Amino acid sequence: MELVQFINQILWGKGQILIFLLIGAGIWFSISFRFIQLTHFLHMLHLLKTSLKSDAGQISSFQALCTGLSARVGTGNLAGVAVAVSLGGPGAVFWMWVIALLGMATGFAESVLGQIYKVRDSNGEFRGGPAYYIRLGLKKPWLAIAFSICLFMGYGSSFSAMQANTISDALQHAFNVPPMLTGFIIASVAGVIILGGMKRIAQFAELIVPIMGVLFVGTALVIALLNITMLVEMISTIVLNAFGFGEAGAGAFGAAIKNGVQRGLYSNEAGAGSVPHAAAVATPNPNHPVTQGYLQMFGVFFDTIVLCSCTAVIILLSGVTYGGEMEGIRLTQDAMSVHLGDWGTSFVALILFLFAFSSVVANYAYAESNLHFFKLDNKIGRHIYTAIYLAMVVWGANATLKEVWSLADMALGLMTLVNVYAIFLLTPTIKAALNDYWTQHGQAKTPDFTNTDVDVQGILARDVWAEQKKVEESKS
């Protein structure tokens, strides 16, 4: 753990490399795409209407969006916000908003690349993600393998261990359920779903994500309305503390930024290179990579601007004491109990189980899609990976809060370093695809990527897709 702490100090602590990197990347992509997260916000919402359509037997854009959200929407939205507020004060919420708005452009960029460089696996399902666009777009196979290693450390182990840890803590706090029992239950139920492949995971996400989103947002809105006279003061407190003008003074300024950015990234994952795996599996409608870029950009917005804000409202309007020590899901549970009475703890435990369990399922798919980089994309390789993955879930349910969060922070940081470097170099590719999309749109055409010349770092993007089409036709 000493090595983990040392790396985290460089990435998140005194070095603060990732804080500057993520803010810089968000600004770069926002300017590069003319603040697409604001200027094309309505178009993004319009595409949600058509996202349910897909080819027979394929994964729809909406299912891919829900898969991405099921990984994003987890403990970061409930426990992560509590950690940010307890260590960084109310001002951390403001910096979560900032990193989310900037991250929408970053999320757009990486999701477009995930679609451009997708391939089909031996089961006929699409695969993609940073390792794929690093290998095909940047021609750097060694860097693709480096990213895959970081991905396995994160989504293949520590992230789901952290989700299981938070679930077990919440259930123990609410119902006194032994952590070991919780770990085995999570692993058993998740195993049934993930063994059904990407299609079953996408179907599960499509079912559970809308339900848990509506349930949690609706509850937070009711709480906000019941405390409407306190909302202005709460927002004022968030903004003042964000710039060190609150009760804690200027000393809290750095803590607010650090924890807001760190937990904001963990929540929405923009730039981390995770969501492109979900973006790649979709058959977008219209049939263009930019479509999935817009939809996954909405995922960043919904995850942090909407869901994390709901948790912040619940905590900050409750009047519960926090600060100084890292506090996780129990802070959110205690805050909910103030608003809803004794059953508030149980309600948060239920919501958290849905949020975190959906992440456990989706996280598996992200790492599993990179098995072929280690020559393990076969039945034996998948069984070995599945066993290790589920074992980490059981371990996480019984580990300490600090251990699992530290491992998750390190893995997420290393993934982000590699991915942001890659999408920065591939910015011309994304611009070309975006210009192509709007050129066709302006000609009253339905944007189609298979018949268009888009320069992709020296090769044609259509050649990537055309090659995959040949493979599909040869199998049929």
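The following legends describe close-up views of a predicted model.

Residues are numbered from 1 along each chain as its sequence is written. In this predicted model, local features need pLDDT of at least 70 and side-chain atom pairs count only at pLDDT 80 or more, while totals for chains, interfaces and linings use all residues, and side-chain values use heavy atoms, with hydrogens and water left out.

**Figure 1. Overall content of the chain.** The chain contains 21 helices and four strands. These elements are DSSP runs numbered from the N terminus, helices being H or I with at least four residues and strands being E with at least two. Of the 476 residues in the chain, 59% are buried. Buried denotes under 20% relative accessible area, exposed over 50%, and partly exposed the range in between, with a 1.4 Å probe and protein chains only. Among contacts between residues at least 6 apart in sequence, 81% join residues at least 24 apart; a contact means heavy atoms within 4.5 Å.

**Figure 2. The largest nonpolar core and Y294.** The largest nonpolar core has 145 residues. Helix 15 (residues 289-316) gives the most to this core, contributing 16 residues. Such a core is a set of buried Ala, Val, Leu, Ile, Met, Phe, Trp, Tyr and Cys residues joined through side-chain atoms within 4.5 Å. The residues with the most contacts inside this core are F33, F108, Y133, I134, F216, Y294 and V361. With neighbours within four places in sequence left aside, Y294 is in contact with I36, H40, H43, M44, L47, F108, L434, Y437 and W438.

**Figure 3. The crossing of helix 15 and helix 20.** The axes of helix 15 and helix 20 (residues 427-442) come within 9 Å and cross at roughly 105°. Axes are lines fitted to C-alpha atoms, for helices over the stretch in contact, and angles run from 0 to 180 degrees between N-to-C directions. Helix 15 and helix 20 are therefore roughly perpendicular to each other. Angles of 65 to 115 degrees count as roughly perpendicular, under 35 as roughly parallel, over 145 as roughly antiparallel, and the rest as oblique. From helix 15, V290, T291 and Y294 meet A433, L434, Y437 and W438 of helix 20. The residues of this contact divide into six nonpolar, one polar and no charged. In this division Ala, Val, Leu, Ile, Met, Phe, Trp, Tyr, Cys and Pro count as nonpolar, Asp, Glu, Lys and Arg as charged, and the others, Gly among them, as polar.

Figure 4. H339 belongs to helix 16 (residues 329-340). A polar atom of the H339 side chain lies 2.8 Å from the backbone oxygen of I314. Beyond neighbours within four places in sequence, H339 is in contact with I223, N227, I314, L317 and S318. Q115 is located in helix 7 (residues 91-116) and counts as buried, at 0% relative accessibility. A polar atom of the Q115 side chain lies 2.7 Å from the backbone oxygen of A279.

Figure 5. Most residues other than glycine have a negative phi. R34, which is not a glycine, has a positive phi near 55°. R34 is found in the loop between helix 2 (17-32) and helix 3 (36-39), and counts as exposed at 71% relative accessibility. N176 likewise has a positive phi, of about 60°, although N176 is not a glycine. N176 lies in the loop between helix 9 (141-175) and helix 10 (179-194), and is exposed, with a relative accessible area of 62%.

**Figure 6. The surroundings of S51.** S51 lies in the loop between helix 4 (41-50) and helix 5 (61-72). With 0% relative accessibility, S51 counts as buried. S51 and S61 are ten residues apart along the chain, and their C-alpha atoms are separated by 4.9 Å. Residues up to four places away in sequence not being counted, S51 touches S60, S61, F62 and L295.

**Figure 7. The surroundings of E368.** E368 is placed in helix 17 (residues 343-368), and counts as buried at 8% relative accessibility. Apart from neighbours within four places in sequence, E368 is in contact with R127, R382 and Y385.

Definitions and conventions: Polar contact = N/O pair within 3.5 Å; in protein donor to acceptor, adjacent residues only side chain to side chain.
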